[in-house]
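Colleague: Hi! Could you walk me through this model?
Modeller: Happy to, let's have a look.

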Amino acid sequence: MKVLLSIFTVLVLAGCASLTPDSGTARVTGEAIYLERIAMPPNVRLEVTLEDISLADAPAERIAEVTIREAGQPPYPFTIEYDEEQIDPRHTYRLAARLYDGENLLFATDEIHQVITRGFPSEATLRLRPVRSDDARGKASRLPATFSGTLPCADCPGIDMHLNLLPDGAYMLREAYQGKDAGPFFDIGRYLHSSDGREIILHGGKEAPKRFERIGTEELRLLDMDGQRIESELNYSLSRLPTFEALEPRLLLGGQYRYMAGAGRFRECLTGLEMPVATEADNRALEEAYLAASGEPGEEMRVSLEGQLAQRMPMEGPDPVLTLVPERFIGVWPDLSCPSPIQLATLQNTYWRLTSLGSEGVQRAQNQREPHLVFHEGGRVAGSDGCNALTGSYKTEGSKVMFTQLATTRKACLEGMEQAEEFRDTLDSITDYRIVGNHLEMRDNTGHFRLRFERVALY
């Protein structure tokens, strides 16, 4: 009997030994955190998964997972055990985490946290970010909306800023410099959301667009030109007012004018807004110049003038409507028309020319292809590093992007070899992308800006 028990003990111990790390079981560890000052109910549930994300045209393959019930407050330490035989050193693996209250998803990771292979460790700190509810998104989209605040000024006490976002994608902006006799100053144009929804970008008459980060539904925070937060104790935020407050900007205007049946209509170029023209101020000079230049009734023609976009009562209807008051007519240009309104570019099937590499501009060598990328459907990317042709795979998930299997030809170039190598190395560090109008921006997992591309129209 003792012999049989000894044999049984040895078999049990052998079976247990087969589950130890020495015989095929490994661990990946870390902690999940969030930075928001929000207390969690004690029964929140954390789910962390280890996933294979190597295939660009396929969903992530779940390798292992762990669920921590009644997780309480952060930080949330975790350990995931996995079978080493499932790991291919040529593949790419990540950790992803989600925090639930019952079935309600509260927080989730939105970055690619690579582990295990390709030089990455078997531990990671996962940053959880709030997940917006459908109600919050609906509230944020209520338009028209007015945002107001006083921003810092280099040579005055402050800049009073009043921003109106209109339902059709147009905006109006007033800036008043405290203590200055000049102004206020107006700008109009169109606003776009960035591809990840985190920014609102104003494209108007100014040389550079203004960029704002959306903070919840009631606040916009001014960003720098690269889309980075301005690190300062001063206020750079605009708060949403309880009610919409219309503006009546007075500024230099250009647009398409037509005159028919005794009435003028004006379509402003920057905003795309169409409106009636008030029969006052310099309206007669506008009408006469148009009629002298037009070939047929109702033809649209480009005009320029100084004027005001005012709220006036229409011939019919109970409410005021936006109306052009032509204060000073400048000229009519029969051969010109408004440019196409700016639109958000798409990642795929667009020729993206590299314009910034880190904080430096990109040099282009004669008789060599410029650095660029084209993201094709099906997860393939192609382009040039400025010297050699570049091909590989990419995978996106929300605003996250990862490049894999990047390869180049081996041609030696007279110029730009160092820049080409830096471009390729930088692509390996990219985890996040954002499309801002006609520009594609890419950042690493620390949020630092690394690459900027511009869309190129191909004819």
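**Strands, turns and charges**

Modeller: Strand 17 (residues 250-260) and strand 20 (residues 301-312) run antiparallel and are joined by eight bridges. This is a predicted model, where local features need pLDDT of at least 70, side-chain atom pairs count only at pLDDT 80 or more, and totals for chains, interfaces and linings use all residues. Residues are numbered from 1 along each chain as its sequence is written, and side-chain values use heavy atoms, leaving out hydrogens and water.

Colleague: What counts as a strand, and when do two strands pair?
Modeller: Helices (H or I, at least four residues) and strands (E, at least two) are DSSP runs numbered from the N terminus. Two strands pair if DSSP finds at least two bridges between them.

Colleague: Which residue in strand 20 is the bridge partner of Arg250?
Modeller: That is Gln308.

Colleague: What is the order of the strands in the open sheet?
Modeller: Five strands line up as 19-18-17-20-21, with antiparallel pairing. Strand 19 (274-276) and strand 21 (321-333) are at the edges with a single partner strand each, so one side of each has no neighbour in the sheet. On average, neighbouring strands here are turned by 45° against each other, direction ignored; the axes are lines fitted to C-alpha atoms (for helices over the stretch in contact), and angles run from 0 to 180 degrees between N-to-C directions.

Colleague: Switching topic: how many residues sit between strand 5 and strand 6 in their hairpin?
Modeller: Two, and Gly102 in that turn has a positive phi of about 65°. Strand 5 (residues 93-101) and strand 6 (residues 104-109) pair in the antiparallel sense over four bridges.

Colleague: And which residue in strand 6 is the bridge partner of Leu99?
Modeller: Phe107 is the partner of Leu99. Phe107 also stands opposite Pro130 in strand 8, and strand 6 is joined to strand 8 (residues 123-130) by three antiparallel bridges.

Colleague: Where does Ile116 lie?
Modeller: Ile116 is in the loop between strand 7 (113-115) and strand 8. Its phi is positive, about 75°, although Ile116 is not a glycine. Arg118 lies in the loop between strand 7 and strand 8 and has a positive phi near 60°.

Colleague: Is the peptide bond from Pro74 to Pro75 cis or trans?
Modeller: Cis, with omega near 0°. Pro75 belongs to the loop between strand 3 (61-68) and strand 4 (76-83). Another cis peptide bond joins Gly183 and Pro184, with omega about 5°.
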